[in-house]
Amino acid sequence: MKLTLKSKVDAEGKLFLQLPPEFANQELDIIIDSSQEPMPTPEDLGYQADFFEKTAGKWQGEPWVREDLGDCDRRIWDVEP
């Protein structure tokens with residue numbers, strides 16, 4: 001089983017992980033990968049530098065209302081034992 005987690009190392013260089021119960025009592029190989037690409041800028045994505053500051057949260061029309069989604073199908077975890 002493969003699990004990907006994102007966590008931050010504290011100021012002392014310590015990393016704390018809490019894993020799901022299915023990993024309990026197992027020997028694990030832990031791989032640390034710090035070669036993440038930097039977050040692209042708005043310009044990298046084809047937007048003007050201030051596009052998001054000018055547009056985010058600026059809706060001035062009628063308030064949007066989310067319609068009722070109706071009933072969902074029952075799932076196996078919804079059934080009580």
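Lysine 54 has a relative accessible area of 53% and is therefore exposed, where exposed means over 50%, buried under 20% and partly exposed in between (1.4 Å probe, protein chains only). The side chain of lysine 54 meets that of aspartate 50 in a salt bridge, with an N to O distance of 3.2 Å. The term salt bridge denotes a side-chain nitrogen of Lys or Arg within 4 Å of a carboxyl oxygen of Asp or Glu. Aspartate 50 counts as partly exposed, because its relative accessibility is 30%.

This is a predicted model, in which local features need pLDDT of at least 70 and side-chain atom pairs count only at pLDDT 80 or more, while totals for chains, interfaces and linings use all residues. Residues are numbered from 1 along each chain as its sequence is written, and side-chain values use heavy atoms, with hydrogens and water left out.

A search of the whole structure finds two salt bridges. Besides the pair already described, lysine 14 and glutamate 12 are joined through their side chains at 3.1 Å, N to O. Lysine 14 is partly exposed at a relative accessible area of 42%, whereas glutamate 12, at 62% relative accessibility, counts as exposed. Side chains of opposite charge can pair when their charged atoms come close.

The aromatic residues come next. The whole structure contains four aromatic pairs; rings of Phe, Tyr and Trp (its six-membered ring) pair if their centres lie within 6.5 Å, and planes under 30 degrees apart count as stacked, over 60 as edge-to-face and the rest as tilted. Tyrosine 47 and phenylalanine 51 are a stacked pair because their ring centres are 4.7 Å apart and their planes stand at 25°. Phenylalanine 51 also pairs with phenylalanine 52, in an edge-to-face arrangement with 5.1 Å centre to centre and 85° between the planes. Tyr47, Phe51 and Phe52 form one aromatic cluster. Tyrosine 47 is partly exposed at 37% relative accessibility, phenylalanine 51 is partly exposed at 31%, and phenylalanine 52 is partly exposed at 36%.

The protein has one helix and zero strands; helices (H or I, at least four residues) and strands (E, at least two) are DSSP runs, numbered from the N terminus. Helix H1 spans 51-55, and glutamate 22 lies in the segment before it. Glutamate 22 is partly exposed, with a relative accessible area of 46%.

Valine 9 contributes to a nonpolar surface patch of about 770 Å², whose other members are Leu3, Leu5, Leu15, Leu17, Leu19, Leu28, Ile30 and Ile32. Patches are made of residues with over 30% relative accessible area and no salt bridge, with like charges joined within 9 Å and nonpolar side chains (Val, Leu, Ile, Met, Phe, Trp, Tyr) within 5 Å.

Along the principal axes, the C-alpha atoms fill a box of roughly 55 × 45 × 25 Å. Buried residues make up 1% of the 81 residues. The accessible surface comes to about 9100 Å², of which 53% belongs to carbon and sulfur atoms; accessible areas come from the Shrake-Rupley method with a 1.4 Å probe, and for residues only the protein chains shown count as cover.
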